[in-house]
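Please consider the structure presented here together with its sequence. A short report accompanies it.

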Amino acid sequence: MNAEDVARYLREHPDFLNQHHELFSELTVPHPQHGGQAISLAERQLHALRDKIRALELKLAELIRFGEENDDISTKVHRLSVVLLQAGSAAVVRQGLVDSLRDDFAVPYVSLKLWGEAAGGVVHSEAFGVGEAARRQVENLRHPWCGAPESIEMTSWFGEAAPHIRSLALMPLRVGGDCIGLLALGSAEAERFYAGMGTLYLGRIADLAAAALAARAG
């Protein structure tokens with residue numbers, strides 16, 4: 001009989017230790033933190049339970065932190081929604097959007113590019129510097145894209161801040177299925193906008209911005 005046979009027997013006969021409870025005090029195993037010290041099987045089980053409790057406490061603390069972060073972001077998105085709803089013109093929408101992203105969301109560099117219906121059916125002056133290939137790339141995005149800049153053109157959208165851009169988020173602005181422009185967020189931190197990060201709130205901000213801009217186009 002080997003160790004696997006013993007383990008299999010105990011799994012197949014879960015009442016064995018109940019029937020032989022004296023083994024809990026008679027059998028000894030190495031201490032999980034002090035290998036040279038022997039402890040009873042019952043004490044070893046207690047250590048295992050404590051480890052599980054600590055792991056659960058850490059997981060709970062992590063979930064609470066995530067929940068608090070999401071609540072904070074939701075509050076900021078709500079404030080942005082109010083600002084955009086109260087804006088009386090496209091210019092005020094643009095300024096409110098930029099101010100909110102910089103002040104509330106701590107995004108240091110913001111670039112807004114509009115074309116199509118939001119600009120009266122033509123490429124808006126704000127879209128200068130966005131080539132045809134880049135516009136097609138943005139229009140083909142199904143979700144906001146995050147990562148390191150893939151071209152000099154991308155960093156050029158941020159004007160004088162271009163040399164500082166190490167990561168960015170590209171957020172297509174869509175109304176009724178049509179892409180009307182691009183909202184780009186930039187950071188000097190390489191890990192601020194990274195590939196694979198969650199984009200749920202970025203998408204919601206883009207939807208709010210697109211709706212507000214389209215409603216006041218012209």
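## Basis of the model

This is a predicted model, in which local features need pLDDT of at least 70 and side-chain atom pairs count only at pLDDT 80 or more, while totals for chains, interfaces and linings use all residues. Residues are numbered from 1 along each chain as its sequence is written, and side-chain values use heavy atoms, with hydrogens and water left out.

## Overall make-up

The protein contains eight helices and six strands, taken as DSSP runs (helices H or I, at least four residues; strands E, at least two) numbered from the N terminus. Their order along the sequence is α-α-α-β-β-α-α-β-α-β-α-β-β-α. Of its 218 residues, 33% count as buried, that is, under 20% relative accessible area with a 1.4 Å probe, protein chains only.

## Nonpolar cores

A nonpolar core is a set of buried Ala, Val, Leu, Ile, Met, Phe, Trp, Tyr and Cys residues joined through side-chain atoms within 4.5 Å. The largest has 30 residues, and Leu97, Leu101, Leu173, Leu183, Leu185 and Ile205 have the most contacts inside it. Helix 8 (200-215) is one of the elements that supply at least two residues, and helix 8 gives the most, with eight.

Beyond its neighbours within four places in sequence, Leu101 is in contact (heavy atoms within 4.5 Å) with Ala106, Val107, Val110, Leu183, Leu185 and Ile205. A second, separate core of 15 residues includes Phe158, Ala161, Cys179 and Ala184.

## Charges over rings

A charge sits over a ring if NZ of Lys or CZ of Arg is within 6 Å of the ring centre and within 35 degrees of the ring normal. The charged end of Lys76 sits over the ring of Phe105, 5.9 Å from its centre. Arg135 lies over the face of Trp115, at 5.9 Å from the ring centre.

Note on methods: Buried < 20%, exposed > 50% of the residue type's maximum accessible area, 1.4 Å probe, protein only.
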